[in-house]
Amino acid sequence: MSDLLRRLRQGGWRLTAQRRVVAEVLDGDHIHLTAHEVHARAVERLPEISRATVYSILGELVSRGELLEVSTSDRAKRYDPNAHRPHHHLVCVRCGAMRDVPPARGLPAEPPERERFGYTVLDVELTYRGLCPHCTA
C-alpha cells in the first residue's frame, strides 16, 4: 500500500474506486504529475473516471494537506504527494521534469527578523532550475 493511501485510510477518508486510483497513480518517489497526466494514468486503471472527478479529487487532497500543488513559471501545476517531508524542487527548464531534493544545508529557513517587514513566515519554497540529463544529452 502506498504512503498516500495509508495516510488517507488513517485519516478516515472514504476510499472510493476513483479516489483509490488517483492515490495509486500518485504513488512513488519524485512523482510530480499534472492533472492531465494523473487523468491519463487513472483512465488506464479505471476507464470510466472523468477528468472532472480527477480534478475534484486532486483539489480535495490539496485541501487536506496530502498533496502539494507546485507551480513553476508558465507550466501547468503539478501535484506532489511528498507533502509531509521538507524538500525543495529541481526543475528542468526545457522539458519540465521535476525532482524532490532534500533541504540544502546552510540556507536559512526564513529571512532574518530585520528582512521580514513584519511578516510571519509560514512556509518556504525553493526551486532550483536547470537542465535534466535527458535535455543536456
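Student: Is the crossing of α3 and α4 left-handed or right-handed?

Tutor: Happy to start there, keeping in mind that this is a predicted model. The axes of α3 and α4 come within 9 Å and cross at roughly 120°. As for its hand, the crossing of these two helices is right-handed.

Student: Which word describes how α3 and α4 lie to each other?

Tutor: Angles of 65 to 115 degrees count as roughly perpendicular and those over 145 as roughly antiparallel. The axes of α3 and α4 cross at roughly 120°. The two helices are therefore oblique.

Student: How do the residues of the contact of α3 with α4 divide by class?

Tutor: From α3 come A35, H36, V38, H39 and A42, while α4 brings R51, V54, Y55 and L58. By class, that contact holds 6 nonpolar, 2 polar and 1 charged.

Student: Which residues of α1 and α2 make their contact?

Tutor: Helix α1 covers residues 3-10 and helix α2 residues 17-25, and they pack with their axes 8 Å apart at an angle of about 140°. These helices are therefore oblique to each other. On the α2 side the contact uses R20, A23 and E24, and on the α1 side L4, L5, L8 and R9.

Student: What is L58 in contact with, leaving aside its neighbours within four places in sequence?

Tutor: L58 is one of the residues that touch the most other members of the largest nonpolar core, which has 22 residues. Each of α1, α2, α3 and α4 supplies at least two residues of this core. Beyond those sequence neighbours, the contacts of L58 are V22, L26, A35, V38, L67 and Y79.

Terms used
Residues are numbered from 1 along each chain as its sequence is written. This is a predicted model: local features need pLDDT of at least 70, side-chain atom pairs count only at pLDDT 80 or more; totals for chains, interfaces and linings use all residues. Side-chain values use heavy atoms; hydrogens and water are left out. Axes are lines fitted to C-alpha atoms, for helices over the stretch in contact, and angles run from 0 to 180 degrees between N-to-C directions. Helices (H or I, at least four residues) and strands (E, at least two) are DSSP runs, numbered from the N terminus. Angles under 35 degrees count as roughly parallel, over 145 as roughly antiparallel, 65 to 115 as roughly perpendicular and the rest as oblique. Contact means heavy atoms within 4.5 Å. A nonpolar core is a set of buried Ala, Val, Leu, Ile, Met, Phe, Trp, Tyr and Cys residues joined through side-chain atoms within 4.5 Å. Buried means under 20% relative accessible area, exposed over 50%, partly exposed in between (1.4 Å probe, protein chains only). A crossing is left-handed if the near helix is turned anticlockwise from the far one by less than a right angle, and right-handed if clockwise. Ala, Val, Leu, Ile, Met, Phe, Trp, Tyr, Cys and Pro count as nonpolar, Asp, Glu, Lys and Arg as charged, and the others, Gly among them, as polar.
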